[in-house]
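Please find my notes on the model below. They are set out as numbered points and go from the whole chain to single residues.

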Amino acid sequence: MPSIAFITLGCKLNFAETSTLARRFMEAGFERTHPARRADVYVVNTCSVTEQADKKCRQAIRRLTYLNPAALVVVTGCYAQLNPDEVAQIEGVDLVIGADRKGNLLEYVNNLRTKGKADSVPCDVRTVESFFPAFSSGDRTRSFLKVQDGCDYRCSYCTIPLARGKSRNSPVSELLREAEIIAASGVREIVLTGVNIGDFGKTSGESLFDLLRALDRVQGIERIRISSIEPNLLTDDMIDWIARSRAVMPHFHIPLQSGCNRILAAMRRRYRRELFAERTQKIKRLLPQAFIGVDVIVGFPGERGDDFRETCDFLQTLAPASLHIFPYSERPGTPAAAMTASVPKPERAARARTLLELSDLLNRQFYTANIGQPTRVLWESACKDGLMFGFSDNYLKIETPYRKELAGRLQSVRITGFNPERRTASIEMNNEEWS
Ligand code: SF4
């Protein structure tokens, strides 16, 4: 039985795809092993969101070839699609697979019997129509369900549309079937993943709202989270409905990128800060305890000190629960990479540190504001230092002394405190109410 190990870099979408590939290989008789062990085949699903991501991919490939120089090494994902020749030249790589062939990886590996010069199977991403359906498995708590791929937006800093192609999706009926399979496996929570999830429905003539309403009725799925949604695609109707829905959680991850309208325009984002403020105010009005996570890019070309301060002030007014901060990274082939007025890297790092401090403060305030509130927690199975953890409906990380029988259970609790070192909430349990 040949052994195979997978490495996933980057986002939840990659994670869902790798998990699906792994199931296919195991069904075909491969034995899955840990990537720190010797395997006959290694598959690396890469990311290319920043320069750093490319570097990590190259390091991962080199580590694997060092571990077993005789192993077949197959590389796919965004970095492989964007730079197939560069990847093919890394020592030890045998096969580089383009975006539209990922779903056929098993066939390619079965035909690849001996090591030799790296073969590359690229694709013209502009013409890709196919959709590789995927969901993650193996975690008893949650599954990442891929609902959409690609993006028709052209944000000036982003290579994802060049790596993943145009916006496309599985139809709602197919995703319902997958959600039912996930529910039947005992998993209670699904996280909808994609590149631009709010744009769902380009292929099937449906909308994300249609999908949410359909998934909300799936028995056994107690929680649905949307991994990320563009602010201009999060409609008022959708927020109204989420506030009343059975299973869609009060948890929003919304990319802002800048709080300065001039920079938003240079980024070719499709909204102004006023729209972003409107959306978050509406969420807070209808769902006062909702978790709102916000992405921000610092040091975009042309971002002056006063633009950055505008972003800081705006974020303080919005008061989200957490910030995801990305120092701007030049991506070859994007309009932003050709822009002048580049912000020096040390200044980008300094701005990132300022926002990290702000995020820390906002996060503490969010946890503290939840003390005394009732919620539910879905317990995870891992035990660390005698503790187990889970997330509340509104995405607070919660801890309690480890009890094996709680793993995978959804339990009603009340938040009683905040542990700043571990960044977790403590709780009191209602032992009667669990399922
Ligand atoms: S919306 Fe913009 S940032 Fe997001 S994937 Fe599309 S082009 Fe990239």
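The points below cover the overall fold, the sheets, the core and a few single residues.

1. Basis. This is a predicted model, in which local features need pLDDT of at least 70 and side-chain atom pairs count only at pLDDT 80 or more, while totals for chains, interfaces and linings use all residues. Residues are numbered from 1 along each chain as its sequence is written.

2. Overall dimensions. The chain has a radius of gyration of 22 Å, which agrees with the value near 22 Å for a compact globule of 435 residues. The radius is taken over C-alpha atoms, and the globule rule is 2.2 Å times the number of residues to the power 0.38. Along the principal axes, the C-alpha atoms fill a box of roughly 60 × 55 × 45 Å.

3. Content and contacts. The chain holds 13 helices and 19 strands; these are DSSP runs numbered from the N terminus, helices being H or I of at least four residues and strands E of at least two. Of the contacts between residues at least 6 apart in sequence, 73% join residues at least 24 apart. A contact requires C-beta atoms, placed from the backbone, to lie within 7 Å.

4. Burial and core. Of the 435 residues, 45% are buried. A residue is buried if 20 or more other C-beta atoms lie within 10 Å of its own, exposed if 12 or fewer, and partly exposed in between, with C-beta atoms placed from the backbone. The largest nonpolar core has 119 residues, and among the members that touch the most others are Val-41, Tyr-42, Val-43 and Leu-145. Such a core is a set of buried Ala, Val, Leu, Ile, Met, Phe, Trp, Tyr and Cys residues joined through C-beta atoms within 7 Å.

5. Strands 10 and 11. Strand 10 (residues 189-193) pairs in parallel with strand 11 over four bridges; pairing requires at least two bridges found by DSSP. Glu-189 has Arg-223 of strand 11 as its bridge partner. From strand 10 the chain passes through helix 8 (residues 208-215) to strand 11 in a right-handed β-α-β crossover. Right-handed here means that, with the strands pointing away from the viewer, the path from the first strand over the helix to the second runs clockwise. In strand 11 (residues 223-226), Arg-223 and Arg-225 point one way, Ile-224 and Ile-226 point the other way, and all are buried.

6. Sheet 12-13-14. These three strands form an open sheet with parallel pairing, in the order 12-13-14. Strand 12 (251-257) and strand 14 (322-327) are at the edges with a single partner strand each, so one side of each lacks a neighbour in the sheet. On average, neighbouring strands of this sheet are turned by 20° against each other, direction ignored. Strand 13 (residues 291-298) is joined to strand 14 by six bridges; Ile-297 stands opposite Phe-326, and Val-296 opposite Ile-325. The chain goes from strand 13 to strand 14 through helix 12 (residues 305-318), and this β-α-β crossover is also right-handed.

7. Helix 13. Helix 13 (residues 345-369) lies across strand 13 and strand 14, at about 170° to strand 14. Axes are lines fitted to C-alpha atoms, for helices over the stretch in contact, and angles run from 0 to 180 degrees between N-to-C directions.

8. Strand 15. Five of the six residues of strand 15 (residues 374-379) are buried, so the strand is largely enclosed by the rest of the structure. Five bridges join strand 15 antiparallel to strand 18 (residues 410-419), with Val-377 partnered by Gln-411. Strand 15 also pairs antiparallel with strand 16 over three bridges, where Trp-379 is partnered by Gly-390.

9. Positive phi. Tyr-395 has phi of about 65° and lies in the loop between strand 16 (387-392) and strand 17 (397-401). Tyr-395 is buried, with 20 other C-beta atoms within 10 Å.

10. Ala-179. Ala-179 lies in helix 7 (residues 172-184) and counts as buried, with 26 C-beta neighbours inside 10 Å. Beyond its neighbours within four places in sequence, Ala-179 contacts Leu-145, Ile-190, Leu-215, Val-218 and Ile-221.

Note on methods:
Two residues are in contact if their C-beta atoms, placed from the backbone, lie within 7 Å.
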